Amino acid sequence: MRTSLRGAGAAAAATLLIVVAGSWFGYKQLAGPSCSGRIQLSVAAAPEIAPAVKGAADQWVAKGAAVGDTCIAVNVASSEPVDVAAAVASKHGATLAGVGQASGTAVTPDVWVPDSSTWLLRLKNGGATAFAPANGASIARSPVVVAMPEPVASRIGWPDTKLTWTALLEKVTAGKSPLKAGIVEPTQDAAGLSGLLSLAAAASSTGRSTEAAQEAMIGALRALATNRSSIRQDLLARFPRSSDPTAIANGLGAAALSEEDVIAYNQTKPPIPLAALYLDPSPMPLDYPFAVLPGIEPAKASAAKVLFELLTTPGFRNRLATQALRSPDGNWGDGFKAPQGAPSPAGGGAKVPSTGQGGVAGLDPAAIAKATTTWSVATQSGRMLAVIDVSGSMKAKVPSARGASREQVTVEAASQGLNLFDDSWAIGLWTFSTELVGTQDWRPVVPIRPLSSNRGALQRGLAGIKPSSGDTGLFDTILAAYQEVQKEWEPGKVNSVVLFTDGTNDDKHGLTQAKLLAELQKVKDEEQPVQVIIIGIGNDVDRKELKSITDVTGGSPFVTADPTKIGEIFLQAIALRPPAPR
C-alpha cells in the first residue's frame with residue numbers, strides 16, 4: 001500500500017552522497033577526503049517508489065564518490081504526485097482540473113518521479129507552456145487493474161474468465177443490484193484516471209449513439225462518485241473486512257487501482273484478500289517517468305543524468321520488486337509475487353513508450369482533458385446563472401456546424417452541458433441583448449433553483465431562445481447577473497455567473513467599462529465570492545475587455561474562434577472552478 005509521508009518531510013528526505021560513475025559524464029574520479037564543492041539535487045518521488053530510489057542511492061553512498069572534486073548530495077523526498085503537480089502548476093501558471101492550489105510550503109524539486117506521465121502531459125496542456133522537462137523516460141511500471149474482493153471476483157468468473165471494460169461498465173450501471181464500484185479522485189490520482197479513461201472508451205464503443213454513450217458515461221461517473229475518495233487509504237478501507245455475506249454485500253466491490261496497491265494490500269493479510277483483474281483492453285499503466293524539471297543549473301542536470309543511470313541498472317529491478325513494482329519493460333525482479341492471473345513478465349498490460357521529452361507517446365491529451373473535465377462537472381455541485389447572448393450577431397451562420405447559427409450552436413452546447421449536472425446543482429437562465437425588457441438589456445427566463453425541480457423549465461427555456469435584432473448590452477448585464485447570484489449566495493458551493501457572448505459591449509446608453517469595474521469592485525464581497533466565467537465566441541470578442549472583468553470578480557475568460565468548440569470550453573470552464581487549497 002502506498003504510504004504518504006506528508007508532514008514528515010525531514011524524516012523522509014535523505015541527504016545522500018552519490019558515487020558518480022556515469023558514462024554520460026565521460027569520466028570517473030573518486031573523491032578525496034574532502035570536497036571543494038557540493039551539488040545538492042532535490043528529488044521528489046512517488047511514495048511507493050521512493051524507498052527503491054533511496055535504497056539505490058544508499059548503496060552508492062558507501063563508496064563515497066564525486067564528480068571531479070565536487071560531491072553530489074541527493075535529497076530524496078517521498079511526495080504524493082498531486083502535491084508536486086500543484087506546486088509545479090503554480091510555478092508555471094498552469095491550471096489542473098481538480099488539483100487545487102499548492103500549499104504555502106510546497107516547492108518544486110530538481111527531479112520529479114511521479115507515478116505517471118499523465119501528470120507531465122496535464123501540466124503541459126494546462127497552460128504551462130514553458131514546462132518542458134528533460135528525459136521523462138520510465139524507471140518502473142505497475143499495471144492498472146480492477147481490484148475486487150475475491151468472493152465478488154469469483155462470482156463473475158475470476159480467475160478463469162477475462163472481464164472487459166464494456167462488461168464492467170454494464171455491471172456498474174445495472175438497474176438492479178449494480179456492482180458497488182469506487183474510485184480515487186481521477187483528477188488527483190493517476191490509477192483512477194487510467195480507469196476512468198478505460199470506462200470512457202467503453203462508453204463510446206462502437207454501436208452507441210453519441211447520446212447513449214454520454215448517458216452511459218454519466219451513469220458510470222455518478223455511480224463511481226458515490227464511493228469516491230480523495231485518499232487512497234480511505235478507499236481501500238471500504239473493502240469488506242469480514243467474510244460475513246452482509247459485510248461483503250455492503251462493502252466496496254470494485255475499484256481501479258495499481259497492481260502495486262493490490263499486492264501491498266494483500267500483504268497486510270486482510271480477512272478478504274483482493275483479486276487483481278487485468279481487463280481488456282489493457283488500461284494505461286503507471287510508468288514512473290524520471291523528469292528533470294526545467295530551469296535547474298547545468299551541474300545539477302548532469303548529476304541528474306547520473307542518478308538516472310543508477311536507476312536503470314539490473315540491480316534496481318530487484319529493488320523495485322521489493323516494492324511490488326515492475327521494471328519499465330514489464331518484467332519483474334527477484335522476490336516479486338505476482339497476483340493470480342497477472343500477465344507474464346514479458347507482458348503486463350499496455351505499453352507506455354516514452355517520448356524522451358517529458359511526455360509519453362500514444363497518450364491522447366484531448367481524451368485526458370475530456371475525462372477530467374467531465375468528471376469534475378458531473379461529480380461536483382454548484383450554483384450558477386447561465387446568461388446567453390441573443391444579440392443580432394448570434395444569427396450568423398457557422399460553416400463548421402452545417403450552417404447552424406451561433407445561437408443554435410450555443411444553445412445546443414448549453415443543453416448538452418445541462419445533462420451532466422446532477423440534481424444537487426442550482427441553475428438559472430437569462431438572455432441578454434439591448435432593451436429586451438423596456439430599457440433593460442437582460443431578460444430572466446428561469447430563476448436559480450435546484451435541478452431536482454428546475455430541469456424541465458431550463459430545457460424548455462433553452463429550447464425557446466431565439467436571437468433578437470438588438471446589440472450587445474454586455475456591461476449592464478454582467479453587473480445585474482453578478483448581483484442576482486449574490487442575492488441568495490449559498491455556502492459550500494461555488495456561486496457563479498457563466499455568460500456566453502459573441503461580441504464586445506455595444507450599448508451607448510449603458511455602463512462604461514470603467515464604471516462597470518468600479519461597481520463590481522464596490523459590490524463584491526470577499527466572504528461571499530461570485531465567480532464570473534465568460535465564454536467568448538467568434539473573432540469579434542475582445543479578450544482583454546473580458547479579462548478586465550474577471551480580474552475583479554474572479555474567474556476567467558475563455559475565447560474560441562470556432563463556435564463548435566463551445567461545448568468543450570464550457571466543460572473546461574466549469575471544471576476549473578477553484579477547489580480548496582491543498
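Predicted model: local features only at pLDDT ≥ 70, side-chain atom pairs only at ≥ 80, totals over all residues.
**Stop 1: a buried pair**

Start by selecting R232 and D189. Their side chains form a salt bridge, with the closest N and O atoms 2.6 Å apart. The pair links distant parts of the chain, 43 residues apart. R232 sits in helix 9 (residues 232-236), while D189 lies in the loop between strand 9 (181-184) and helix 7 (190-203).

Are these two residues buried or exposed? R232 counts as buried because its relative accessibility is 9%, under the 20% cut-off. D189 has a relative accessible area of 3%, so D189 is buried too.

**Stop 2**

Next, move to helix 19 (residues 543-553), which holds both D551 and K547. Here the closest N and O atoms of the salt bridge are 3.0 Å apart. The two residues are four places apart, about one turn of the helix. An α-helix has 3.6 residues a turn, so residues three or four places apart point the same way.

Colour by accessibility if you like. D551 counts as exposed at 52% relative accessibility, and K547 is partly exposed at 35%.

**Stop 2: K493 and E490**

Select K493 and E490 to see another salt bridge, at 3.6 Å from N to O. E490 has a relative accessibility of 30%, so E490 counts as partly exposed. The count for the model comes to 15 salt bridges.

**Stop 4**

Side chains of opposite charge can pair when their charged atoms come close. For a contrasting case, go to D476 in helix 17 (residues 474-487).

Look instead at the backbone nitrogen of L511, which the side chain of D476 reaches at 2.8 Å. To show the surroundings, leave aside neighbours within four places in sequence and select the contacts of D476: D441, W442, D507, G510 and L511.

**Stop 3: helix 15**

Finish with helix 15, residues 406-420, and draw a distance between its end C-alpha atoms. They are 22 Å apart, which agrees with the 21 Å that its 15 residues should span at 1.5 Å a residue. Then highlight the buried residues of this helix, among them R406, E407, V409, T410 and L420.

Note on methods:
Residues numbered from 1 in each chain as written. Heavy atoms only, no water. Expected span 1.5 Å × (residues − 1). Buried < 20%, exposed > 50% of the residue type's maximum accessible area, 1.4 Å probe, protein only. Salt bridge = Lys/Arg side-chain N within 4 Å of Asp/Glu carboxyl O. Polar contact = N/O pair within 3.5 Å; in protein donor to acceptor, adjacent residues only side chain to side chain. Contact = heavy atoms within 4.5 Å.
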